[in-house]
Amino acid sequence: ALAFIVVCTTWLVYLLNYWSLQHVSPSLVTSYIYAQPVFSTLIAVIFRGDKLTLMEAVYSLLIFLGVYLVSIRKDTAIRMT
């Protein structure tokens, strides 16, 4: 089980991210990287019966808000103010 976690969920994911950077834009790869925790949370809630609390959902939204604020273009941010 430990070898599976190390090889498949760590090494293989980084290898696929490196490969995808050669074929698509870095912003698209970054979008998928930040979407991975969302998918893993959904899988854990649906298939394992884990519980998602309100505070965990709020923390996740704050992280995505921070990523969005960092990724918006500077000229768009200036026009918003």
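Which residues line the largest pocket? Let's work towards that pocket from the whole chain. This is a predicted model, where local features need pLDDT of at least 70 and side-chain atom pairs count only at pLDDT 80 or more, while totals for chains, interfaces and linings use all residues. Residues are numbered from 1 along each chain as its sequence is written, and side-chain values use heavy atoms, with hydrogens and water left out.

The protein chain has 4 helices and 0 strands, and along the sequence it reads α-α-α-α. Here helices (H or I, at least four residues) and strands (E, at least two) are DSSP runs, numbered from the N terminus. Of the 81 residues, 7% count as buried, where buried means under 20% relative accessible area, exposed over 50%, and partly exposed in between (1.4 Å probe, protein chains only).

Now for the pocket of our question. Its lining is made by Tyr34, Pro37, Val38, Thr41, Leu42, Leu52, Glu56, Ala57, Ser60, Ile63 and Phe64. A pocket is an open set of points on a 1 Å grid over the protein atoms alone, where a 1.4 Å probe fits, with protein on both sides within 12 Å along at least five of seven lines; lining residues have an atom within 4 Å of a point. Helices α2 and α3 each supply at least two residues of this lining. By class, the lining has 8 nonpolar, 2 polar and 1 charged residues; Ala, Val, Leu, Ile, Met, Phe, Trp, Tyr, Cys and Pro count as nonpolar, Asp, Glu, Lys and Arg as charged, and the others, Gly among them, as polar.

Next comes the second largest pocket, lined by Cys8, Thr9, Val13, Gln36, Pro37, Phe39, Ser40 and Ile43. Both α1 (2-21) and α2 supply at least two of its lining residues, with α2 giving the most, 5 residues. This lining divides into 5 nonpolar, 3 polar and no charged residues.

Finally, look at Phe64, which sits in helix α3 (residues 54-71). Why does Phe64 count as partly exposed? Its relative accessibility is 32%, so Phe64 falls in that class.
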